[in-house]
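Subject: Structure handover

Hello,

Here is the structure I promised to pass on. My notes on it follow below.

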Amino acid sequence: MLIKTCYIPRLKNNHKVLIIIVLFFNALFAFSQTRSKFKVVLDAGHGGKDYGNVHHGFVEKKIALAVTLKVGEYLSKDSDFDFFYSRRTDVFVELKDRAIRANKEDANLFVSIHCNAAKNYSAFGTETFVMGLSRSATNLDVAKNENSVILLEDDYKENYKGFDPNRPESLIGLKILQEEYLNQSIELAAFVEENFKNGLSKKSRGVKQAPLWVLDASYMPGVLIEIGFLSNKVEGEYLNTEKGQNEMAKAIADAILSYKKQYFKSGSSVSKVDPVIKEEVTTPESIIESVIDNSRKGIQFMVQLSASGSKIATTPSNFKGLNGVHIKQSGKIYKYLFGSEDTYENAQNKLTEAKSKGFESAFIVAYKDGVKINLSDAIK
């Protein structure tokens, strides 16, 4: 499900038009259905004519496929799982087709597995990416490498409508459209990195955000996992062994299991309806009434700056000078939030302030009586 909300001010008065556009994929299912299994799309990076990273004789497309298939083997032991592979053999799959398959399957998760590389051959460790805008040059380099497969596709200019993985403006053009999905993606990524770090004693380079096309086009929580550097001979040798691939696959599968336990219950009801466009005109008086109503309902809007498995002090010096940062814990994940507002409009002002300080990937979340709720439900 894709939910996009925006406030559009009218020029002639202070009224605002609240437009809530709700687009549900697979609109043919215009009724409620019960989903009995948790669906995951397992995406082995690269393949066929796209070799990915090749260093010291280690080939990314082969290692990524081997680990991905092993993740599926581990998940198959749980009867509550349905999983689908973007590829099971050494074939070339276009990025758009990977995302289309995930959307068509209406999956709960999209998990893409890759191997890293760097000009500095001493670099090592794991890192897991979620969709987002990043000002880090290193993260942008990763995004360029993973998006560059587009150039190998036939008719890529038509398929991707001018998107060029080598142009920074194209990367910046990939926006986060789903706050709820981003939040869940971060939590899955944190589970993955925690398993690598604590379970396998690997160096975790952390959870990061980067404008990756395949994650942006998949309308569900998703992560892209870099399981290690093939440019590092020691790490590459480990990833090229059966033992290494089994260990990395189990860590990933266990993270997916942890995520499923937190977000999914077998037999949960999933509502599917036709696309809806709702327009509501609000007057200044109704805005005031909404503030009172939200306050009465215990709804607060906040800006999520980041999420991490590590807890740090919320002093302004740790958050680029922002005052009023606070923490909410969700399992083993610490969410760093800024502000606490009665209206979405006021939260937008806080979001503007956060972005002016450099938190380009910040987004608005809603809580009711201290419990996180869907943003769309909060602004009804």
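Phe319 and Tyr336 are both buried (buried means under 20% relative accessible area, exposed over 50%, and partly exposed in between, with a 1.4 Å probe and protein chains only). This is a predicted model, in which local features need pLDDT of at least 70 and side-chain atom pairs count only at pLDDT 80 or more, while totals for chains, interfaces and linings use all residues. Residues are numbered from 1 along each chain as its sequence is written, and side-chain values use heavy atoms, with hydrogens and water left out.

Aromatic rings

There are six aromatic pairs in the structure (rings of Phe, Tyr and Trp, the last by its six-membered ring, with centres within 6.5 Å; planes under 30 degrees apart are stacked, over 60 edge-to-face, the rest tilted). The ring centres of Phe319 and Tyr336 are 5.4 Å apart and the planes are at 40°, so this pair is tilted. Phe319 is in the loop between β14 (299-308) and β15 (325-330) and Tyr336 is in strand β16 (residues 333-341), so the pair ties together parts 17 residues apart in sequence (strands are DSSP runs of E, at least two residues; helices are runs of H or I, at least four; both are numbered from the N terminus). One aromatic cluster is formed by Phe38, Phe81 and Tyr259.

Salt bridges

The structure has eleven salt bridges (a side-chain nitrogen of Lys or Arg within 4 Å of a carboxyl oxygen of Asp or Glu). One of them joins Asp90 to Lys61, with the closest N and O atoms 2.9 Å apart. Asp90 is in the loop between β7 (81-85) and α2 (95-104) and Lys61 is in helix α1 (residues 60-75), so the pair ties together parts 29 residues apart in sequence. Asp90 is partly exposed, at 44% relative accessible area, whereas Lys61 is buried, at 4%. The charged end of Lys61 also sits over the ring of Tyr51, 3.7 Å from its centre (NZ of Lys or CZ of Arg within 6 Å of the ring centre and within 35 degrees of the ring normal).

Glu242 forms a salt bridge with Lys70, the closest N and O atoms being 2.7 Å apart. Glu242 belongs to helix α9 (residues 242-263) and Lys70 to helix α1, 172 residues apart. Lys70 is buried, with a relative accessible area of 9%.

A salt bridge also joins Lys260 and Asp80 (3.7 Å, N to O). Asp78, Asp80 and Lys260 are linked in a network of salt bridges.

Regards
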